[in-house]
Amino acid sequence: MKKFLLTTVALATLAAVAPALAADLGARPYPYAKAPPAYAAPIYNWTGFYLGGHLGGAFTSDNNFSGLATGNNRFLGGVQGGADWQFAPTWVIGAEAQYSWISGNVGAVFPGGFAYTNKQRGLGSVTGRVGYTWGPGLLYVKGGYAFSDNNESVTLGGAPVAFATTGDHSNGYTVGAGVEYLFAPNWSAKAEYQYYNFGKATFTAPAALVPFGSFTTDDHVIKAGINYRFNWGGPVVARY
C-alpha cells in the first residue's frame with residue numbers, strides 16, 4: 001500500500017509539472033520552424049520597346065487669311081511605337097514615332113467665289129521624350145519633327161483652279177505632354193496633348209487670293225491610347 005501511495009503521488013506531481021516544462025521549451029527553433037516569407041514590393045520597369053494605337057480629335061487654328069474662318073474639328077486615329085529607358089531611378093527618356101489618320105478637311109471661302117480646301121490625310125511625328133515616374137505612373141513632355149500629309153485644292157464655282165503658294169507647310173515641329181499608366185503586366189494607357197506647326201504660307205496665284213495674306217497650317221491634338229510594352233529583362237522587385 002505504501003508503494004502504491006508513493007507511485008500515485010509521483011504521477012500526480014509529474015502531471016502538474018509537465019505543462020510548465022513544455023511552456024519553457026517554447027516553439028521549435030529554426031530550421032524546424034518555417035521562416036515567414038519576405039515581402040516583395042514591385043518596382044515598375046519602363047525600360048523597353050512598345051507598340052500601340054490611339055484615338056482622339058484635331059482642332060485647327062481659326063485666324064488665317066486676314067480673319068477668314070478656317071478651323072474645323074476632326075476625328076483621328078493612328079498607331080505609335082517607341083522605346084524607353086528608365087534611369088536614376090525615377091526618370092525615363094525615350095523616342096517615339098507615330099502616325100494619325102484624320103477625317104474631314106479645313107479651308108476657307110473667299111469673296112468672289114474662290115474656295116481653298118485642305119483634305120489633310122494625316123499627321124506624323126518622330127519625337128524624343130523625357131518623363132518622371134512614380135511607380136506605375138509616368139508624366140512626360142515630348143518634342144521633335146512633324147509631317148502633315150496635305151491634299152490641297154482651290155476651286156472657283158466648284159471647278160478646280162491652278163494655284164501656287166510660298167513656304168513649305170508640310171514639314172514642321174511638334175511639342176506635347178502627357179501621362180501614362182501601367183495598369184497590367186506589359187500594358188499601359190496614356191492621355192496626351194500635342195501641338196503641330198508647319199509654318200506660314202502665302203498664295204502667289206491666283207492673283208485674287210494674294211491680298212488675303214498668309215495662313216498657318218497647325219493642329220492641336222488631344223488623344224488617348226494604349227501600348228503593349230516589351231520590357232527588357234522582365235519584372236523587377238525589391239525585397240524587404
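Helices (H or I, at least four residues) and strands (E, at least two) are DSSP runs, numbered from the N terminus. The structure described here is a predicted model, in which local features need pLDDT of at least 70 and side-chain atom pairs count only at pLDDT 80 or more, while totals for chains, interfaces and linings use all residues. Residues are numbered from 1 along each chain as its sequence is written, and side-chain values use heavy atoms, with hydrogens and water left out.

## The nonpolar surface patch

A nonpolar patch on the surface is formed by Trp85, Trp91, Ile93, Val130, Tyr132, Trp134, Leu139, Val141 and Val179, which together have about 850 Å² of accessible area. The elements that give two or more residues to this patch are β4, β7 (122-134) and β8 (137-149), and β7 gives the most, with three residues. Patches of this kind are made of residues with over 30% relative accessible area and no salt bridge, nonpolar side chains (Val, Leu, Ile, Met, Phe, Trp, Tyr) being joined within 5 Å and like charges within 9 Å. The areas come from the Shrake-Rupley method with a 1.4 Å probe, and for residues only the protein chains shown count as cover.

Tyr132, one of the patch residues, lies in strand β7 and counts as partly exposed at 39% relative accessibility. In this report, buried means under 20% relative accessible area, exposed means over 50%, and partly exposed lies in between (1.4 Å probe, protein chains only).

## Salt bridges

The structure holds eleven salt bridges, each defined as a side-chain nitrogen of Lys or Arg within 4 Å of a carboxyl oxygen of Asp or Glu. Side chains of opposite charge can pair when their charged atoms come close.

| Salt bridge | N to O distance |
|---|---|
| Lys190 and Glu96 | 3.5 Å |
| Arg229 and Glu180 | 3.0 Å |
| Lys190 and Glu192 | 3.7 Å |

In the salt bridge between Lys190 and Glu96, Lys190 lies in strand β13 and Glu96 in strand β4, so the pair ties together parts that are 94 residues apart in sequence. Both of these residues, Lys190 and Glu96, are buried.

For the pair formed by Arg229 and Glu180, the partners lie in strands β14 and β12 respectively, so this contact ties together parts that are 49 residues apart in sequence. Arg229 is buried, with a relative accessible area of 1%, and Glu180 is likewise buried, with a relative accessible area of 1%.

Lys190 also meets Glu192 in a salt bridge; Lys190 has a relative accessible area of 5%, and Glu192, which is buried, has one of 3%. Through salt bridges that share partners, Glu96, Lys142, Lys190, Glu192 and Lys223 are joined into one network.

## An open four-stranded sheet

Strands of a sheet pair through backbone hydrogen bonds, either parallel or antiparallel. Here, four strands form an open sheet in the order β5-β6-β9-β10, and the pairing is antiparallel; two strands are taken to pair if DSSP finds at least two bridges between them.

The bridge partner of Ala108 in β6 is Tyr116.

## Backbone features in the loops

Most residues other than glycine have a negative phi, and most peptide bonds are trans. A cis peptide bond joins Ala88 and Pro89, with omega about -25 degrees, and Pro89 lies in the loop between β3 (73-87) and β4 (91-102). Ala88, in the loop between β3 and β4, has a positive phi of about 75 degrees although it is not a glycine, and Ala88 counts as exposed at 61% relative accessibility.

A further cis peptide bond runs from Ala205 to Pro206, with omega near -5 degrees; Pro206 is found in the loop between β13 (187-205) and β14 (214-231). Asn186, in the loop between β12 (171-184) and β13, has a positive phi near 75 degrees and is a residue other than glycine. At 28% relative accessibility, Asn186 counts as partly exposed.
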